[in-house]
Structures are given as structure tokens and as C-alpha cells.
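Hi,

Here is the structure I promised to pass on. Have a look at it first, and then read my notes below.

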Amino acid sequence: MNSAIRWTDRLQSSSGEWSGNVCDFYFRVYNKLIKDIKVPFKLVGGERIDDTPVHKALREALANCLINADYYGVRGVVVRKEADKIVFSNPGYIRTGKKQMRLGGESDPRNKSLMKMFNLINIGERAGSGVPNIFNVWNDEGFVEPEIEERFDPDRTVLSLSFVKKQAKKTSEENKGEY
């Protein structure tokens, strides 16, 4: 990608080209995120299944980003899709703490009404299990572990999901001395 080009596809709430509401933003961004996600051919009961664990994890990550954003904070929600990763960034600190976010089991959404809205359309679990599930899917897919970054002053939460595969362990080191 040319370093002089900052982005090739930008979605702004103030552009006037779309409604600017959070639900509309979610679906527009989600559809852009999954454009390059591979879908294996799979039939269940004679119907093709086009949904994979990666799709579910991306829905969860995007919904979490929006549900936990501090909309009174500086800079808005930023979702950046790069060649080898997707970065979700929202204003606001992690209310349960970074460690608890990673462990799961506790849910303390900043925007409870948004969480309810997403639950009504079957997005999100409402059990604090979303982030651990994302980590599990990334592990099962063999991708590098997701990164959670918490920044302060101004407060910001960043989740990076890399599509880079983990390095395989060297078998020559493991089998040293065995014949």
C-alpha cells in the first residue's frame, strides 16, 4: 500500500451519505470487514452455511467496540482494516479492567441500551464471554494471539486481531538426539 494514502475507504458519521446511526454503522463496517474472509463450502440440512467462527468473532469484536465506547470521549470509534489485521479502537477505558476483560465472565457495558439492541438482533452473548471467545477462535484458527491495549489520557481501548499464522515450533529442536 502506498504510504502517502491514509485510507481507501472511509466511513464518517457526518458525511451525509448515510444515516450516521450506530446500527447502520455496525452493518456497513461489518460487511466491509468480512469481504475477504474465506467461507468453506458447508451444508447443514441441505442449506449452505456461510457463517464461520471468524465471522462470529468479528461481529463480537465490533459490537463490543461500539457497546463499550465512551461517546463523550475524544476521537470516535475507529475500525481499521489492514492487509493482515483488523484494529478496533474506541474511546474509553476498560471498565472491568484488562485482565478481567481477557478472562471474561463479567460484563459491565458502558452503553447498556446498545447492548440490548445488539442482543435483540442476536449479536453478542451478554455474559462477558465475548473477548475470551475471540481469543479462542483466533487460537483455533492458528492466528497470532489478539492484542488488547489500554491507553490513558485520553482513555482508549484498542483490540488488534491479526490474520498472521503462528510460527510452527521447530521439530528439529524437539527431536534432537532421537533416531
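This is a predicted model: local features need pLDDT of at least 70, side-chain atom pairs count only at pLDDT 80 or more; totals for chains, interfaces and linings use all residues.

Arg110 sits over the face of Tyr93, 5.0 Å from the ring centre. There is also Arg102, which lies over the face of Phe135 at 3.6 Å from the ring centre.

Next, rings with rings. I get six aromatic pairs in the structure. One of them is Tyr26 with Tyr30, a stacked pair with 6.0 Å from centre to centre and 5° between the planes. These two tyrosines are four residues apart in helix H1, so about one helical turn separates them. Both Tyr26 and Tyr30 are buried. They also belong to one aromatic cluster, made up of Tyr26, Phe27, Tyr30 and Phe118.

Another pair to look at is Trp138 and Phe163. Their ring centres are 5.5 Å apart and their planes are at 50°, so this pair counts as tilted. Trp138 is in helix H5 and Phe163 is in the loop between S6 and H6, so the pair ties together parts that lie 25 residues apart in sequence. Are the two partners buried or partly exposed? Trp138 is buried, at 0% relative accessibility, while Phe163 is partly exposed, at 25%.

While you are at Phe163, check what surrounds it. The loop it lies in runs between strand S6 (156–162) and helix H6 (171–174). Leaving out residues up to four places away in sequence, Phe163 touches Ile37, Val54, Asp84, Lys85, Ile86, Trp138 and Phe143. Of these, Phe143 is 20 residues from Phe163 in sequence, yet their C-alpha atoms are 5.6 Å apart in space.

Now for the core. The largest nonpolar core has 34 residues, and Tyr26, Leu58, Phe88, Trp138 and Leu161 have the most contacts inside it. Helix H1 (22–33), helix H2 (53–67), strand S4 (85–91), helix H4 (112–120), helix H5 (130–141) and S6 each supply at least two of its residues. Which element gives the most? That is H2, with nine residues.

Beyond its neighbours within four places in sequence, its contacts include Leu33, Leu58, Ala61, Leu62, Cys65, Val78 and Val79. Thr157, Val158, Leu159 and Leu161 are also among the contacts of Phe88.

Last, the cysteines. Searching the whole structure turns up zero disulfides. Cys65 is buried, with a relative accessible area of 3%, whereas Cys23 is partly exposed, at 25%.

Cheers

Methods
Residues are numbered from 1 along each chain as its sequence is written. Side-chain values use heavy atoms; hydrogens and water are left out. A disulfide is a pair of cysteine sulfur atoms within 2.5 Å. Buried means under 20% relative accessible area, exposed over 50%, partly exposed in between (1.4 Å probe, protein chains only). Contact means heavy atoms within 4.5 Å. A nonpolar core is a set of buried Ala, Val, Leu, Ile, Met, Phe, Trp, Tyr and Cys residues joined through side-chain atoms within 4.5 Å. Rings of Phe, Tyr and Trp (its six-membered ring) pair if their centres lie within 6.5 Å; planes under 30 degrees apart count as stacked, over 60 as edge-to-face and the rest as tilted. A charge sits over a ring if NZ of Lys or CZ of Arg is within 6 Å of the ring centre and within 35 degrees of the ring normal.
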